[in-house]
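Please look at the model first.

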Amino acid sequence: MARMLTAHAAITDRVRERVRAERLDLTTDPEAAERLVRDELRIYAERSLAGSLPSLGDEQAALGRVLAELTGYGPLQPYFDDAEVEEIWINAPDAVFIARAGVTERVDVHLTNEHVRTLVERMLQSTGRRVDLSSPFVDASLPDGSRLHVVIPDVTRQHWAVNVRKFSQRIRSLARLVELGSLTPLAAEFLRMSVLAGCNILVSGATHSGKTTLLGSMLSSARPADRIVTVEETFELDLTAGDVVAMQCRTPNLEGTGEISLRRLIKEALRMRPDRLVVGEVREAESLDLLIALNSGLPGMCSIHANSARDALVKLSTLPLLAGRNIDSAFVVPTVASAIDLVVHCEIVRSGARRVAEIVAPTGRVVMGEGAAANIEAETLFVLRAGELVPTGALPARREGFEAAGFDPGILLQGIPRRKQSDQGASSASWSVPQSAETSA
């Protein structure tokens, strides 16, 4: 193994010397990289046969390792190439982890601080983004669609913290989620029907619970003629539709200007003749602009971090208050109740599997609870029972969109024996939303 590492390092150094001498740019000319590596491999093999150098071993493996070091991501490249790996993160040069099928494992990769910095610089090379002392955080999308997040000292204690979240290219439809056990066929058909009916859908869940994957899978059910405009902090959605415009935020430049926020992108998206607006995730005041857009009759989708579908509605009713002191819940809560048609909640179980845990449909009504708190009323349409997502027998209160599209959700949702009377009370629920919050513009 030590001989292999020595040979690998020697060949890599020789190729780098030739690159500098010939003034080549390997990022734009990958064929030149392979040509140079093959030349140096041949030279090394000839000298090793003469006994002046250690044996190379597997030449094809050496070719892949040197190319990864020069044009890829070095020792991390095998994990980028492995379709089973979902996420890669570095806590320290000698603490590298991956997540495979939702399960964390530490891998036998040992880097140096300089190597980590070089890898990050290479990842950022094509993004136009930077990370330095003046901007110690960075979010970026890599050419393969993976999302990069980096934090550097002194925000971190000692080492650069690097996270790369990959997005499965194999999950592009609701049917595939059914195959993986994340959805039942009945729930998948209902979601497909809801997309075609133009429902406004909120996808909730914890971090890496499958929200983005579910969004993309549902959008694959949209009509081929639909024009979809997506806005995200960094590109994550990878849609197969024919008419798609994807936009992402931009961070300020060195002078502190040029920033493009999610709020700005949502406003610009409305000028682009969208048939469907998709916001990757709402975290702050941009939720107000999204609600205004959805309340104008434009079908849309977005995701939000929340512990349950009910918590998602509460959170979406609270975030717009961050837009300014002149925004209060007397406006926000009824807007959420009328704008959101469905909330689909995702979860990740201990085994690492992702699944849809519940589907809730706001009725559009707001009732006053104790202490003059505004409560959003909703029906639970699907719920987990004995580990299976099953319909409760309740119907969406607002079915005009389904009827206009020629669908009858009752065929799906009530095509089973009605629930027992003891279960009926759980299908309709309401919860409180704070009347105000201390906010700043």
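Helices (H or I, at least four residues) and strands (E, at least two) are DSSP runs, numbered from the N terminus. Arginine 273 is found in the loop between α9 (262-269) and β10 (276-279). This is a predicted model: local features need pLDDT of at least 70, side-chain atom pairs count only at pLDDT 80 or more, and totals for chains, interfaces and linings use all residues. Residues are numbered from 1 along each chain as its sequence is written, and side-chain values use heavy atoms, with hydrogens and water left out.

**Backbone geometry**

- Arginine 273 is not a glycine, yet has a positive phi of about 55°.
- The residue is exposed (over 50% relative accessible area; buried is under 20%, partly exposed in between; 1.4 Å probe, protein chains only). For arginine 273 the relative accessible area is 64%.
- Alanine 386, also not a glycine, has a positive phi of about 55°.
- Alanine 386 sits in the loop between β14 (374-385) and β15 (388-391). Its relative accessible area is 90%, so alanine 386 is exposed.
- Proline 153 and aspartate 154 are joined by a cis peptide bond, with omega about 10°. Aspartate 154 belongs to the loop between β5 (147-151) and β6 (161-165).

**Arginine 147**

- Arginine 147 lies in strand β5. With a relative accessible area of 18%, arginine 147 is buried.
- The side chains of arginine 147 and glutamate 236 form a polar contact of 2.5 Å. Such a contact is a pair of N or O atoms within 3.5 Å; within protein, one must be able to donate a hydrogen and the other to accept it, and residues adjacent in sequence count only if both atoms are side-chain atoms.
- Beyond its neighbours within four places in sequence, arginine 147 has contacts (heavy atoms within 4.5 Å) that include Asn163, Phe167, Thr234 and Glu236.

**Cavities**

- The structure holds two cavities of 30 Å³ or more. A cavity is a set of points, on a 1 Å grid over the protein atoms alone, where a 1.4 Å probe fits but cannot get out; lining residues have an atom within 4 Å of a point.
- The second largest cavity has a volume of about 60 Å³. Grid points are joined across faces, edges and corners, and a volume is the space filled by probe spheres set on the points.
- Among the residues lining the second largest cavity are Cys199, Asp341, Arg398 and Phe402.
- That lining has seven nonpolar, no polar and two charged residues. Nonpolar covers Ala, Val, Leu, Ile, Met, Phe, Trp, Tyr, Cys and Pro; charged covers Asp, Glu, Lys and Arg; the others, Gly among them, are polar.

Technical notes: On a 1 Å grid over the protein atoms alone, a cavity is a set of points where a 1.4 Å probe fits but cannot get out, and a pocket is an open set with protein on both sides within 12 Å along at least five of seven lines; lining residues have an atom within 4 Å of a point.
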